[in-house]
Amino acid sequence: MILMSDATIITQIPPLRAAYARIGEQAVVPITGNHDKRVVFGALNIHSGHQTLLITTHWEALTWQAFLHQIRNSWRGWHIVLFIDRGSPHKAQASRELATALDIELRWLPVATPELNAMEGLWADAKDQVLANHTASTIDISADQFCKYLIDLTPQQRLVKAGVHSGNFWLST
């Protein structure tokens, strides 16, 4: 089974895309000044469109290793080939050893090529649809809404938004 995994950071300050206002009026985008963040780890099966997500407070080796356990629990009994970037939590010796112990074969994407990771398309779509141009009352609500949007997509919608069915996807399924 081929999975792609990535993490994204959700901040209390919304990504600003576009805001409409009457001519001559300033668009109002509330900024809280709060610098809280959440990290969402995700893995996508590029054949079936099924996914698993994990919300954490830090992007570090220990949270990545917890996510490796979650990946294994989500796809029990399968031999997993996991495409990931070369982030330091992924490359940590303990992370690589855990992946081997969990029978997860790691495949490293080339440096500075986020477009090769199908998760990037899902992240971008969810940020545009859920987070852009407005703030939630707490960072946890933002993270929950972000993940709920991804969970509510059908597996086929996930594959389309991830670019797997674009005809230009670099890895044949």
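What follows is a short exchange on a predicted model and the terms used to describe it.

Visitor: What kind of model is this, and how are its residues numbered?
Guide: It is a predicted model, in which local features need pLDDT of at least 70, side-chain atom pairs count only at pLDDT 80 or more, and totals for chains, interfaces and linings use all residues. Residues are numbered from 1 along each chain as its sequence is written, and side-chain values use heavy atoms, with hydrogens and water left out.

Visitor: What makes up the protein, and in which order do the elements run?
Guide: There are 6 helices and 5 strands. From the N terminus the order is β-β-β-α-β-α-α-β-α-α-α. Helices (H or I, at least four residues) and strands (E, at least two) are DSSP runs, numbered from the N terminus.

Visitor: How do you know that the radius of gyration agrees with a compact globule?
Guide: The rule is 2.2 Å times the number of residues to the power 0.38, and the radius is taken over C-alpha atoms. For 173 residues a compact globule would have a value near 16 Å; the protein has 17 Å, so the two agree. The C-alpha trace spans about 60 × 35 × 30 Å along its principal axes.

Visitor: Why is tryptophan 75 called buried?
Guide: Buried means under 20% relative accessible area, exposed over 50%, and partly exposed in between (1.4 Å probe, protein chains only). Tryptophan 75 has 8%, so it is buried. This residue is in the loop between α1 (61-74) and β4.

Visitor: Which residues does tryptophan 75 contact, leaving aside its neighbours within four places in sequence?
Guide: Contact means heavy atoms within 4.5 Å. By that test, the partners of tryptophan 75 include Met1, Leu3, Ala43, Thr52 and Ile80.

Visitor: What makes β2 and β3 a pair, and in which sense do they run?
Guide: β2 (residues 37-45) and β3 (residues 51-56) share 6 bridges in the antiparallel sense. Alanine 43 stands opposite threonine 52. The two strands form a hairpin with 5 residues between them, and glycine 49 in the turn has a positive phi of about 85°.

Visitor: What is the phi of aspartate 103 and of alanine 112?
Guide: Most residues other than glycine have a negative phi, and most peptide bonds are trans. Aspartate 103 has a positive phi of about 60° although it is not a glycine. Alanine 112 also has a positive phi of about 60°, and it is not a glycine either.

Visitor: Why is aspartate 103 called partly exposed, and why is alanine 112 called exposed?
Guide: Aspartate 103 has a relative accessible area of 40%, so it is partly exposed. Alanine 112 is at 68%, so it counts as exposed. Aspartate 103 lies in the loop between α3 (93-101) and β5; alanine 112 lies in the loop between β5 and α4 (119-131).

Key. Pairing = 2+ DSSP bridges.
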